[in-house]
Amino acid sequence: PAVLQNTLTLDPQNIATRALFWEDYLKQYPESLYKQDAQQLLYQYSRFLFVGTAESPVSGDYSDRLSLQASSLEEIEKLAKLNKSQLANQARLLLNLLNQNSATGNRSTEQQVLSAIGIHNPSPSYKKDCFSDAVCLAT
């Protein structure tokens with residue numbers, strides 16, 4: 001599983017790989033029967049990558065680049081170098097936010113970060129479990 005007792009079990013590189021997979025899947029198969037599952041998986045992995053979980057946060061305050069876990073920062077910096085990727089755009093937005101916060105002494109909350117980089121739940125009423133099996137199952 002990706003999360004166990006609200007703690008991430010995957011490293012940032014694996015999370016980024018999975019997020020990129022679902023981003024590419026949605027580009028290749030925009031009319032897929034599994035579109036909603038893919039959108040939810042992209043959202044979840046993006047959230048894991050940029051903010052983590054309560055027990056595995058990426059940062060406590062997003063005050064600057066050094067406030068991020070080193071492995072998360074490394075992966076976000078790699079992502080920011082990609083082209084034609086929403087995840088890459090979000091990575092660049094986060095790095096810009098961190099630079100601004102560092103220059104101004106500001107801090108950001110998890111929700112402020114998600115809003116600033118454009119990550120939102122595509123389907124808040126989505127009720128499937130996508131992490132217990134190979135497919136998303138109704139709960």
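Select glutamate 75, which belongs to helix 3; helices (H or I, at least four residues) and strands (E, at least two) are DSSP runs, numbered from the N terminus. Its relative accessibility is 11%, so glutamate 75 counts as buried; buried means under 20% relative accessible area, exposed over 50%, and partly exposed in between (1.4 Å probe, protein chains only). Leaving aside residues up to four places away in sequence, glutamate 75 touches Pro12, Gln13, Ala16 and Leu49, where contact means heavy atoms within 4.5 Å.

Before continuing, please note that this is a predicted model, in which local features need pLDDT of at least 70 and side-chain atom pairs count only at pLDDT 80 or more, while totals for chains, interfaces and linings use all residues. Residues are numbered from 1 along each chain as its sequence is written, and side-chain values use heavy atoms, with hydrogens and water left out.

**Helix 1 and helix 3**

Two packed helices are described by the angle between their axes and the distance between the axes. Helix 1 passes helix 3 in a right-handed crossing. A crossing is left-handed if the near helix is turned anticlockwise from the far one by less than a right angle, and right-handed if clockwise.

Which residues of helix 1 and helix 3 meet? Helix 1 brings Pro12, Gln13, Ala16 and Leu20, and helix 3 brings Ser71, Ser72, Glu75 and Leu79. By class, this contact of helix 1 with helix 3 has four nonpolar, three polar and one charged residues. Here Ala, Val, Leu, Ile, Met, Phe, Trp, Tyr, Cys and Pro count as nonpolar, Asp, Glu, Lys and Arg as charged, and the others, Gly among them, as polar.

**Helix 3 and helix 4**

Next, show helix 3 with helix 4. They pack at an angle of about 120 degrees, with their axes 7 Å apart. That angle makes helix 3 oblique to helix 4; angles under 35 degrees count as roughly parallel, over 145 as roughly antiparallel, 65 to 115 as roughly perpendicular and the rest as oblique. The crossing of helix 3 and helix 4 is left-handed. To display the contact, select Leu73, Ile76, Glu77, Leu79 and Ala80 in helix 3, which meet Leu87, Ala88, Ala91, Arg92, Leu94 and Leu95 in helix 4. By class, the contact of helix 3 with helix 4 has nine nonpolar, no polar and two charged residues.

Now select lysine 84, in the loop between helix 3 and helix 4. Most residues other than glycine have a negative phi, and most peptide bonds are trans. Lysine 84, although not a glycine, has a positive phi of about 50 degrees. Its relative accessibility is 78%, so lysine 84 counts as exposed.

**Helix 4 and helix 5**

The contact is made by Gln90, Leu93, Leu94 and Leu97 of helix 4 together with Val113, Ala116 and Ile117 of helix 5. By class, the contact of helix 4 with helix 5 has six nonpolar, one polar and no charged residues.

**The loop between helix 2 and helix 3**

Select aspartate 61, found in the loop between helix 2 (35–50) and helix 3 (70–80). Is aspartate 61 buried or exposed? Aspartate 61 is buried, with a relative accessible area of 18%. Not counting residues up to four places away in sequence, aspartate 61 touches Ser67, Arg107 and Ser108.

Tyrosine 62 also has its place in the loop between helix 2 and helix 3. Tyrosine 62 has a positive phi of about 50 degrees although it is not a glycine, and is buried, with a relative accessible area of 2%.

Finally, select cysteine 130 and cysteine 136, which form a disulfide with their sulfur atoms 2.0 Å apart; the term denotes a pair of cysteine sulfur atoms within 2.5 Å. A search of the whole structure finds one disulfide. The link of cysteine 130 and cysteine 136 is right-handed, with 115 degrees about the S-S bond, and both cysteines are buried.

Phenylalanine 131 lies in the loop between strand 3 (128–129) and strand 4 (137–138). Phenylalanine 131 is partly exposed, with a relative accessible area of 24%. Not counting residues up to four places away in sequence, phenylalanine 131 touches Pro1, Ala2, Leu41, Gln44, Tyr45 and Phe48.

Key: Axes fitted to C-alpha atoms, helices over the stretch in contact; angles between N-to-C directions.
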